[in-house]
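Visitor: I am new to this structure. Could you take me through it step by step?

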Amino acid sequence: MAHSARRDSPELPDFSLLKRLARDQLIYLLEQLPGKKDLFIEADLMSPLDRIANVSTLKQHEVDKLYKVEYKPVISTSDQLCFLIRPRIQTVKWICDVVNADKAAGKFRRYKLIFTPQKFYACEAVLEEQGIFGDVTTDEWAFYLLPLDDDIISLELPEFFRDNFLAGDQRWVRTAGSTLHLLHSIYGPFSKIYGIGRCSKMAYESWREQVEEGETKARQAEIGNVFLIDRDVDFVTPLCSQVVYEGLVDDIFRIKCGCVEFGPDVTSSDKSMKVMLNSQDKVFNEIRNEHFSNVFGFLSQKARNLQTAYDKRRGMDIKQMKTFVSEELKGLKQEHRLLSLHIGASESIMKKKTKQDFQELLKTEHSLLEGFEIRECISFIEEHINRQVSMIESLRLLCLLSITENGLLPKDYRSLKAQYLQSYGVDHLLTFANLRQLGLLVEQQPGETLTVMESKVGKLVNDKTAGKLTDAFSSLAKKSNFRALSKKLNLVPKSDEEYDLRVPRDMAYIFSGAYIPLSCKLIEQVLERDGWTGLEEVTRLLNGHEFAVTGSTAGSSGADSRAKNDAQRIVLVMFLGGCTFSEISALRFLGRERGYKFIVVTTAITNSSRLIEALLDNHV
């Protein structure tokens, strides 16, 4: 059960410093507008802000009232308005309307716009166009990183995925570079930096530019290796159903900023309850990375242990009872509360998952990953679409079928697309265009079998005179990689052996032993080989853009050498475009096995629903 870390595991750096820095900077910016003021906060900034500076902190710095940005006329009577916003044109236009409406009404106020994490030129251009550039002051709150737990840090930028990978908008690349720069300046130099993907390469280059611009102070390194990975390097993993406890909680209840809201069905009362899910919750910490089939056994054992601890009271004398009440009772009550919540959550997950024929769904996914019984899988997907089980789920299965089969046969593509549009509405035509653009749902070209495609791409890359892959061939490569990668990296363990989920032998346990996440396997292989040597075939199939750079760790000796060795075993993995809780669980498992500690930095936490929702044609 709850696996214990190796004794020689290094200590993780203290990331609470990131919160303190963000809070201090925000307070400084608020104080630039002295006196009472009303603060308007963009909706998706409310949860992250709550983790950094709560309402009482804001009130201490003369914030009178708090409002959510709602794109309608403001009701505030304050003569000072402060706006804490993302750099979005829609929001800036609304602020222009507010200012212009005040001007027309002859109302004089002071306005301050705080953009986070940075200010974009396009936003300032809108202020200028609308004639209010001189009426407002603008600032940046460089809030790049929100620590969600000891080993998870998020940029809380879910739009990064769509903007960068679908729209080709690279404005967030510098933000990713600034994130690395911040970590580098606080936690010391990195010894090795590895990466794969076009966005990763650009983020690395942006960071290098920032390092060269600023002055560097020699300091003790706390992080050794850094790995940057683009989400489009591995789409299969986020498209699979999650079966580790934390992943399932996210899929069903939606974890937001490390918090989850459990409804009355979980809390066994008429109230909902917000719960912080992190390593401070001792019950959650022991089950978060477990396969769901093990969770009930653990929780019932925990309940028995708790009962035994309570039963100790019997036969105690007054002195012992006093000690028990002052030292143990509070902790036992807290554990009891958490235990009943997680039992309630597990029961709720069980009800929902059996209702949706979850086992049948997993069986279909596993067949797709292994490449078996594809016709039966297509029939299952057709039934799913025609019964209108779930619009998002149907698209997810179509994408998984397309990626694992390297594109659909033209007749299958046309038939499934027609059925989907009839079932869910023709307004999803644009969604199909988005999915095709990303290589998530594509049609095989006539005469282009997998082997023909692979040899074509392989020949093109091997041909020294051809140089780089053209864009046309990069989309070809995208379509034709999963089966070949699966063989080369052994991503699908042999199914003839019984897989014991209570004693996992590899990272495949996070998908019931059916599949090792490609993203995590790549990280494992690169760390093992200390670079990309020997993985040339793999990087060719992944479309290249891989790099490995030796950093500049400050040379130290004697007493510092232990700290330096510890730092070498701390690996920071940055996912550009989102990361799932399943991948985090897999990396924690790998860390325990190999004596590493992994820190996951992600643009946002994602899962199959969020990934598909970001690509819907009506996405705002």
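Visitor: What should I know about the numbering and the kind of model?

Guide: This is a predicted model, in which local features need pLDDT of at least 70 and side-chain atom pairs count only at pLDDT 80 or more, while totals for chains, interfaces and linings use all residues. Residues are numbered from 1 along each chain as its sequence is written, and side-chain values use heavy atoms, with hydrogens and water left out.

Visitor: How many helices and strands does the protein have?

Guide: There are 27 helices and 14 strands. Both are DSSP runs numbered from the N terminus: helices are H or I with at least four residues, strands E with at least two.

Visitor: And what share of the residues is buried?

Guide: Of the 620 residues, 55% count as buried. Buried means under 20% relative accessible area, exposed over 50%, and partly exposed in between, with a 1.4 Å probe and protein chains only.

Visitor: Let us turn to the sheet. In what order do the seven strands of the open sheet lie?

Guide: The order is E6-E7-E14-E13-E9-E8-E12, and the pairing is mixed. Two strands pair if DSSP finds at least two bridges between them. Strand E6 (146–149) and strand E12 (546–550) are the edges, each pairing on one side only. From one strand to the next, the twist averages 20 degrees.

Visitor: How is E8 joined to E9?

Guide: Strand E8 (residues 192–196) and strand E9 (residues 225–230) run parallel and are joined by five bridges. Tyr194 has Phe227 in E9 as its bridge partner, and Ile196 stands opposite Ile229 in E9.

Visitor: Which way do E8 and E12 run?

Guide: E8 and E12 run antiparallel, with five bridges between them. Here Ile193 stands opposite Val549 in E12. As for covering, four of the five residues of E8 are buried.

Visitor: Which strands does helix H26 lie across?

Guide: Helix H26 (residues 581–594) lies across strand E7 (152–154), strand E13 (570–576) and strand E14 (597–602). H26 runs at about 160 degrees to E14. Axes are lines fitted to C-alpha atoms, for helices over the stretch in contact, and angles run from 0 to 180 degrees between N-to-C directions.

Visitor: Is helix H10 mostly covered or mostly open?

Guide: Helix H10 (residues 245–253) is mostly covered, with seven of its nine residues buried. Among them are Tyr245, Leu248 and Phe253. Arg254 follows H10 and has a positive phi, near 65 degrees.

Visitor: New topic: what is the volume of the largest cavity?

Guide: Its volume is about 40 Å³. A cavity is a set of points, on a 1 Å grid over the protein atoms alone, where a 1.4 Å probe fits but cannot get out; lining residues have an atom within 4 Å of a point. Grid points are joined across faces, edges and corners, and a volume is the space filled by probe spheres set on the points.

Visitor: Which residues line the largest cavity?

Guide: The lining includes Cys240, Leu362, His366 and Phe511. His366 is found in helix H15 (residues 358–370).

Visitor: Why does His366 count as buried?

Guide: His366 counts as buried because its relative accessibility is 19%. Leaving aside neighbours within four places in sequence, His366 is in contact (heavy atoms within 4.5 Å) with Phe511, Ser512 and Ala514.

Visitor: Lastly, where is Gln170 found?

Guide: Gln170 is in the loop between helix H6 (159–166) and helix H7 (173–187). Gln170 counts as partly exposed because its relative accessibility is 35%.

Definitions and conventions
On a 1 Å grid over the protein atoms alone, a cavity is a set of points where a 1.4 Å probe fits but cannot get out, and a pocket is an open set with protein on both sides within 12 Å along at least five of seven lines; lining residues have an atom within 4 Å of a point.
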